[in-house]
Amino acid sequence: METFIVSVIFIVTVGSACIVAFSNNLVYSAFALIGTFLGVAGTFIYLNATFLGLVQLVVYAGGILVLIIFAVMLTSKINESSRSNPGANYKAVVPLVLLLVLLVGRILTRDVWTKDLSGMAHEPTITALGNLLLTDYLLPFELVSVVLLAAMIGAAVISRRKVKTQE
Amino acid sequence: MNNIESLKSYFSSEIVLILGLVVLIFLSLRRGHSDHKSMSPASSVVSVVTLFLAITAALSVNFTESQPLFHGMIALDPFGQFFKILIMGTTLVTVVFCTCSRDLENTPGPEFMAFLMALCLGLNVMCVSNNMLMMYLAVEMASLVSYIMAGYMTENKRSEEAGLKYVLYGGLASGVMIFGMSLLYGLTGSLDLVSIRQVVINNPPDQLILFLTFIMILTGLGYKMAIAPFHMWSPDVYEGAPLPVTAFLSVASKAAGFALTLRFLFVAFVATEVEGTWSAVSAIDWQMLVAVLSAVTMTVGNVLALQQLNIKRFLAYSSIAHAGYMLMAVAAQSGGGLEGVVFYFMVYFLMNLGAFLVAGVILNQRHTEDMRDYKGLVRQGASGLFLALTLSVFLFSLTGIPPFAGFIGKWYVFKAVINAGLLWLAVIGALNSVISLYFYVRLIKFMLVDSAEKNDTIERVPLRFASLISIFAALTLVFGLYFAPLVKWTQASVVMFR
């Protein structure tokens, strides 16, 4: 049963990621992204990181994806965009990607990781996360807010059009 | 030390920066504040005051001993303090630079200053992070704001291109880095650099994976330092970004990248210290790796700088080459090498910012970035003479010719490398200095020997620029002859918490 669930999650995640990457239609790509996000959320929940899984759902599947779809749908002439370098480097990319997959596969399948998670109690992680965020990890938590503030104002400044004021 | 105690006395310069940032944001919301105004005086004044207070706060910290703050998130040590002051000093110069820069006309001023404060904060945190989470967060904070600032001239195609290229490279580099960090966490079970070292020394994890992890993290750090082969973004970004931003990135961003890398290498991956010389942990011999990276970086930087005729690209490649020289001192793995890096950064700050300031004046008046338009500068009025002579001082110093400060910097670096027994690296470094002589002197020849196609005089240089340029040029000369105080500060600054 477990293997079945894991393989379903895997197929959904990687399959839709492939569509995102290889589809020629941006709208398809945007919609396929939902599969990837759901798959990742599923992985988190399967690994007992319930809070992360929910955040993944709310923020990525619920927020960012909708934003992307809006952006794609509202952009005019989106399918008429011309590619300046159609498939230029496939010859170099394929072996490189294969190498990377082999390498990462080799890394992840080795039994060298320190944390043994088998004995961990299956309980929600939210309490522990909350406590850590307000004690040991308070500084990063607070700095993130400055990062987000700067990023938000930056996005506004970069994207706004100049309004012609009446002289 | 816990959060409240750390906040009380040791985090004050960062708090000042955050307060300045908030004030600047409110300034930008003022009623009647128009988009078309360039840098408004109020925002520059607020920034300058903020930075002054922040620098004073950083200087006033007393070190009885180095210690971790905020539950080990950041480290309080003279090493971090030095780089923080260097970065805030660069920010101060950049603020003045921004107040009259043609590139930043017609862009929202207070917001720009706010970004500058946020960037300064991010870089400050980078210099002191002692925990992989903080490292990543600081890198990300600095990068996000730099992307915005590189693409700040929204009406300019090249600036937009610079912003976008920066985002793509940066996104990839930080993705690789955080993947590496997650693997390192899996291997050692800790995010804290000090505890990582304990694990790596006492029960070394799988060597292959540790090595790959190390390379992955180094990719992200190398992108911040703009060293080869992770330098591809820098010429395009430096060329497209507004000139003050380019100047800032080439000094402050690089300095923070180096501070972070040094801390990562010398805290997490050194085993023992014998009389000021460290040895790398047995699992990873990073000395050879860094030495090769350094040789490649300076060669790439210098060889590619040979053909550049755009002053921004030229200085970009030259800054890559200088990163190579500094990396040479890192490879020495010794106290002398660390001193070399710190000393080099002090003189690099002077000569590189000085060169950028002169380029800024010429860009403002002539609207040109082409080095051929610098021909005959010395004969174009008193201001032309002033600019040509000071730029020559900076360029000679960048080449490393005595009696300028750049020579002393190089001398320290080479001394450390030779003491470490890396003779081949010293030879490559010397050859590279010879190559660099050609292109630096070519620009000097343009200015001093060649004659201009049309002879119009340079107008009076704004007082702010003139005084900054003369101070920098004077210091470049003075520190080339009398560098004892710098050496003293350098020796005090290499103490690192570990």
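Reply: A cavity is a set of grid points where a 1.4 Å probe fits but cannot get out. The model shown here is predicted.

Me: How many cavities of 30 Å³ or more does the structure hold?

Reply: Rolling a probe the size of a water molecule over the atoms shows where empty space is left. With a cut-off of 30 Å³ or more, the number of cavities in the structure is 4.

Me: Which elements of chain B give two or more residues to the lining of the largest cavity?

Reply: The largest cavity holds about 120 Å³ of space. It is lined by 18 residues, and the closest to its centre are B:Tyr10, B:Glu14, B:Leu76, B:Lys84 and B:Val128. The lining divides into 11 nonpolar, 4 polar and 3 charged residues. The elements of chain B that give two or more residues to this lining are α2 (12-28), α3 (41-59), β2 (74-76) and α4 (78-99).

Me: How many residues of the contact of α10(B) with α13(B) are charged?

Reply: On the α10(B) side, the contact includes B:Asp236 and B:Glu239, and on the α13(B) side it includes B:Lys312 and B:Arg313. The contact also has 5 nonpolar and 2 polar residues, and the number of charged ones is 4.

Note on methods. Residues are numbered from 1 along each chain as its sequence is written. Chains are lettered from A and ligands numbered from 1 in the order in which they are written. This is a predicted model: local features need pLDDT of at least 70, side-chain atom pairs count only at pLDDT 80 or more; totals for chains, interfaces and linings use all residues. Side-chain values use heavy atoms; hydrogens and water are left out. On a 1 Å grid over the protein atoms alone, a cavity is a set of points where a 1.4 Å probe fits but cannot get out, and a pocket is an open set with protein on both sides within 12 Å along at least five of seven lines; lining residues have an atom within 4 Å of a point. Grid points are joined across faces, edges and corners, and a volume is the space filled by probe spheres set on the points. Helices (H or I, at least four residues) and strands (E, at least two) are DSSP runs, numbered from the N terminus. Ala, Val, Leu, Ile, Met, Phe, Trp, Tyr, Cys and Pro count as nonpolar, Asp, Glu, Lys and Arg as charged, and the others, Gly among them, as polar. Contact means heavy atoms within 4.5 Å.
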